[in-house]
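Subject: Structure handover

Hi,

Here is the structure I promised to pass on. Please open it alongside this note. My findings follow below.

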Amino acid sequence: MGCFTFVKVVMVVFNLLICLTGMCLVAAGIWMTVDGDSFMKVLPPFTDDFQSHVSVGIFSITIGAVMTLLGLLGCCGAQKESKSLLIMLFSIILIICIAETAAAIVALVYSSYTKIILRAWATSGLKEQYGKDKILTDLWNSTMTTLQCCGFSNYTDFSESYYYKQNGALYPPTCCAGSELFPCDDHNADFSGVVGCFKQIVKIIQRNVNIGGIAAGVTAIEVATMGMSMYLYCNLGKKST
């Protein structure tokens, strides 16, 4: 009974923390959705474009709601020693694990196709809307200035584009190093060799985010939760003996 009680306490505390974290995310998401301007003042690194065009609030509410639900299921299931709640928690996390594994396999197999689709989508927007659509232009300008990149792949994404034709066969200034000294034409853009934003984003993610570590941590938490819930489920009938 000592081991059962220990696992039960750990299960309750662990899921209570998950539930509280989920509630905090929901509260932050609601704050961002209702009064995004005041929330973003607490986070100075985010730009105006980010807070205007990325639905971080909705994302936070969704993730927080799922975490709160799972935390409540685990906490109540362990505390009330309810087999139905424990097996429900186990089943939901198992489904999540299967979905994550399937998504990882699809992402691995179709990663090259994903890049092709993204390139086609981004290049089309750059050629037809950059310089014409203010929102898209501001987003790309902010991205290219911050990451010191040009286009999706490189400066050729702007070749024969609306911006290129309207500005006398010139590329955006970010496509040329030292563009304040000379016009950013084909020769200077090619000579500058400014890389595309896709490469820069991938490089930043690889340098700053340990994807393998995060995936391993999330998997470990999910497996531990499933293990504890199944242990409690299987031993509830033996508790009285």
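The model is a predicted one. The buried residues of α5 are L86, L89, I93 and C97. The helix covers residues 83–109, which is 27 residues. At 1.5 Å a residue it should span 39 Å, and its end C-alpha atoms are 39 Å apart, so the two values agree.

**Overall make-up**

The protein chain has 11 helices and 0 strands. Read from the N terminus, the order of elements is therefore α-α-α-α-α-α-α-α-α-α-α. The chain has 241 residues, and 29% of them count as buried. Take the contacts with a separation of 6 or more: 66% of them join residues 24 or more positions apart. The chain exposes about 14,600 Å². Carbon and sulfur atoms supply 69% of that area.

The largest share, 4 residues, comes from α5.

**Cores**

In general, nonpolar side chains in soluble globular proteins tend to be buried together. Here the largest nonpolar core has 20 residues. Y130, W140, M144, F158, Y171 and C175 touch the most other members. The most come from α7, with 3 residues.

What does W140 touch, beyond residues up to four places away in sequence? The list is A122, L126, Y130, G151, F152 and C197.

N15 is found in helix α1. At 2% relative accessibility, N15 counts as buried. Leave aside its neighbours within four places in sequence, and N15 is in contact with L70, G71, G74, C75 and L89. L89 is among the buried residues of α5.

L118 lies in helix α6. L118 is partly exposed, with a relative accessible area of 36%. Not counting residues up to four places away in sequence, L118 touches F152 and F198. L118 and F152 are 34 residues apart in sequence. Their C-alpha atoms are 8.7 Å apart in space. F152 is also among the residues that W140 touches.

**Salt bridges**

Side chains of opposite charge can pair when their charged atoms come close. How many salt bridges does the structure hold? The count is 2.

The K8 and E81 pair has its closest N and O atoms 2.9 Å apart. This pair links distant parts of the chain, 73 residues apart. K8 sits in helix α1 (residues 2–34). E81 sits in the loop between α4 (56–79) and α5. Is K8 buried or exposed? K8 is buried, at a relative accessible area of 18%. The cut-off for buried is under 20%, so E81, at 22%, counts as partly exposed.

In the other salt bridge, the side chains of K134 and D138 meet at 2.7 Å, N to O. Both residues lie in helix α7. They are 4 residues apart, about one turn of the helix. K134 counts as exposed, at 62% relative accessibility. D138 is partly exposed, with a relative accessible area of 26%.

Best wishes

Key:
Residues are numbered from 1 along each chain as its sequence is written. This is a predicted model: local features need pLDDT of at least 70, side-chain atom pairs count only at pLDDT 80 or more; totals for chains, interfaces and linings use all residues. Side-chain values use heavy atoms; hydrogens and water are left out. A nonpolar core is a set of buried Ala, Val, Leu, Ile, Met, Phe, Trp, Tyr and Cys residues joined through side-chain atoms within 4.5 Å. Buried means under 20% relative accessible area, exposed over 50%, partly exposed in between (1.4 Å probe, protein chains only). Helices (H or I, at least four residues) and strands (E, at least two) are DSSP runs, numbered from the N terminus. Contact means heavy atoms within 4.5 Å. The expected span of a helix is 1.5 Å times one less than its number of residues. A salt bridge is a side-chain nitrogen of Lys or Arg within 4 Å of a carboxyl oxygen of Asp or Glu. Accessible areas come from the Shrake-Rupley method with a 1.4 Å probe; for residues, only the protein chains shown count as cover.
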